[in-house]
Amino acid sequence: MRKSHPVRRAVLAGAATVSGIVLLLSLKPASDPGAASAAGGAPPVAAQSPQGGRGAGSGTVTGDVARTEYGPVQVRLTVAGGRITGAEAVQAPKGGRSDQVTADAVPQLNRAAVAAGNADIDAVSGATYTSAGYKQSLQSALDKAAAGSSAGQGSGGQASDGQDSDGAAQGTLTLTGSVAQTQYGPVQVRVTVSGGRITGAEALQAPEGGRSDQVTADAVPQLNRAAVAAGNADIDAVSGATYTSAGYKQSLQSALDRAGG
């Protein structure tokens with residue numbers, strides 16, 4: 001029988017020890033985040049600031065006019081922190097029994113819009129058409145608010161309040177003036193402001209009925225163009241529409257006042 005040489009045994013034992021150490025080191029888990037990531041593990045999650053699903057802007061937004069069997073309905077919302085804090089009907093059916101229906105239904109619809117925070121509100125009993133028009137205009141206002149919120153997001157993902165460091169408005173604003181009561185009926189103007197300038201104007205309300213229909217049809221387009229051209233409420237009255245022109249200028253000025261002039 002061959003005898004093992006002592007030196008040979010020592011070499012083999014040393015080799016076995018080294019192999020064992022190498023094996024243990026290869027099985028040791030990575031203890032730093034960078035190693036874990038490189039090995040395909042999940043990297044540590046950094047703290048992130050919460051981002052809400054809605055913009056954090058505040059202001060007013062007016063929905064489109066909804067035509068109903070008993071008259072137009074238009075809703076204006078007040079939004080603060082991305083939530084509806086107020087709702088009102090800028091236009092609603094009027095005349096005859098509609099006056100009472102509107103007086104009863106609109107306050108209920110306003111409260112429902114604020115409570116729900118969306119257009120999924122119940123119709124008021126006895127005011128089916130007004131309720132349907134209200135919801136339609138309310139939804140369009142919400143759509144405009146959502147579009148404005150998305151446009152106000154900066155490239156870094158932070159919500160913009162729509163103002164630069166000097167407080168001047170950026171982007172596009174829609175501003176609705178107060179209702180001006182005239183001898184022939186109410187007049188209310190809405191203006192669109194972009195880059196600090198009036199880019200559009202329209203009459204949400206104007207005298208109607210009888211000869212007023214023709215006067216309004218002739219005068220309002222001229223007044224709209226004049227408001228855009230002048231950029232302020234210092235516009236000439238339209239011949240034959242003195243009262244409508246005066247009401248238009250009054251409501252236009254109030255809209256501009258809300259925009260800070």
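Strand S5 (residues 172-176) pairs with S7 in the antiparallel sense, over five bridges. Please keep in mind that this is a predicted model. Strand S7 covers residues 185-194, and eight of its 10 residues are buried, so the rest of the structure largely encloses it.

**Strand S7 and its partners**
- Gln181 stands opposite Pro186 in S7, and two residues separate S6 and S7 in their hairpin.
- On to strand S8 (residues 197-205): S7 pairs with it over seven bridges, again in the antiparallel sense.
- Gln188 finds its bridge partner in S8, at Gln205.
- Two residues lie between the strands in the hairpin of S7 and S8, where Gly195 takes a positive phi near 65°.

**Helices H5 and H6**
- The axes of H5 (residues 211-230) and H6 (residues 242-258) come within 11 Å and cross at roughly 40°, and this crossing is right-handed.
- H5 contributes Leu223, Asn224 and Ala227 to the contact, while H6 brings Thr244, Ser245, Tyr248 and Leu252.
- Sorted by class, the contact has four nonpolar residues, three polar ones and no charged ones.

**Ser137 in helix H4**
- Ser137 is part of helix H4, which spans residues 128-151.
- Ser137 counts as buried because its relative accessibility is 1%, under the 20% cut-off.
- Leaving aside residues up to four places away in sequence, Ser137 touches Gly63, Asp64, Ala66, Val73, Gln74 and Val75.

Methods. Residues numbered from 1 in each chain as written. Predicted model: local features only at pLDDT ≥ 70, side-chain atom pairs only at ≥ 80, totals over all residues. Heavy atoms only, no water. Helix = DSSP H or I, 4+ residues; strand = E, 2+ residues; numbered from the N terminus. Buried < 20%, exposed > 50% of the residue type's maximum accessible area, 1.4 Å probe, protein only. Contact = heavy atoms within 4.5 Å. Axes fitted to C-alpha atoms, helices over the stretch in contact; angles between N-to-C directions. Left-handed = near helix turned anticlockwise from the far one by under 90°. Nonpolar A, V, L, I, M, F, W, Y, C, P; charged D, E, K, R; others polar. Pairing = 2+ DSSP bridges.
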